[in-house]
Amino acid sequence: MKRTEELPSAAVVKSEDEWRAELSPEEYEVLRKAGTERPFTGEYTENHRIGIYRCRACGAELFRSEHKFDSHCGWPSFFTPLAGERVIERTDGAWGMVRTEVLCATCHSHLGHVFAGEGYGTPTDLRYCINSVSLSFEEQPAAADAPGGDVGSATADARG
Ligand SMILES: [Zn+2]
């Protein structure tokens, strides 16, 4: 089965045995076999903390918390990826429905699907419906609490 030949090449390439060894059975089923976790069971569906969502398979940054919204569909929903080139979208005709599958551009793991024009009132009117098990969340402290960074530039301004 050479489903990946139409895609741009992946930066992270592993054999199915390697993926199976690294991922839990549930993660493997979703990420590598395009499975879907049961709705309302994922750990990030109701996560409202501030941070970044990475690909659980390869660690690539995919989504940010400020693009997450409450779709009440049972899976984490984002109205845009962190950057367009972070994900690959391709037509998926499985189960007799034409949907748009969302893959990690770095390792080609399955993330979920994207739906358009549902009227959620988000800036894009897109819903990236992503399995929690495909993501790992990294909480980020508020900018004011971050060490260094902004403090240094403020000092430089004062020196003039
Ligand atoms: Zn990945």
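The largest nonpolar core in this predicted model has 25 residues. Val87, Val102, Cys104 and Ile130 are the members with the most contacts inside that core.

**The core and its suppliers**
- At least two core residues come from each of these elements: helix 2 (25-31), strand 1, strand 2, strand 6 (99-104), strand 7 (110-116) and strand 8 (126-130).
- In soluble globular proteins, nonpolar side chains tend to be buried together.

**A closer look at Cys104**
- Leaving aside residues up to four places away in sequence, cysteine 104 touches Cys55, Ala57, Cys58, Ala60, Leu62, Val87, Ser109 and Leu111.
- One of these partners, Val87, is also listed with Cys104 among the residues with the most contacts inside the core.

- Three strands form an open sheet in the order 2-1-9, and their pairing is antiparallel.
- Strand 2 (61-64) and strand 9 (135-139) are the edge strands, each pairing on one side only.
- From one strand to the next, the twist averages 30°.
- Five bridges join strand 1 (residues 51-55) to strand 9 in the antiparallel sense.
- Cysteine 55 has leucine 135, in strand 9, as its bridge partner.

**The protein as a whole**
- There are three helices and nine strands, and from the N terminus on they run α-α-β-β-β-β-β-β-β-β-β-α.
- Of the 160 residues in the protein, 28% are buried.
- Among contacts with a separation of 6 or more, 57% are between residues 24 or more positions apart.

Methods:
Residues numbered from 1 in each chain as written. Predicted model: local features only at pLDDT ≥ 70, side-chain atom pairs only at ≥ 80, totals over all residues. Pairing = 2+ DSSP bridges. Helix = DSSP H or I, 4+ residues; strand = E, 2+ residues; numbered from the N terminus. Axes fitted to C-alpha atoms, helices over the stretch in contact; angles between N-to-C directions. Core = buried A, V, L, I, M, F, W, Y, C linked by C-beta atoms within 7 Å. Buried ≥ 20, exposed ≤ 12 C-beta atoms within 10 Å, placed from the backbone. Contact = placed C-beta atoms within 7 Å.
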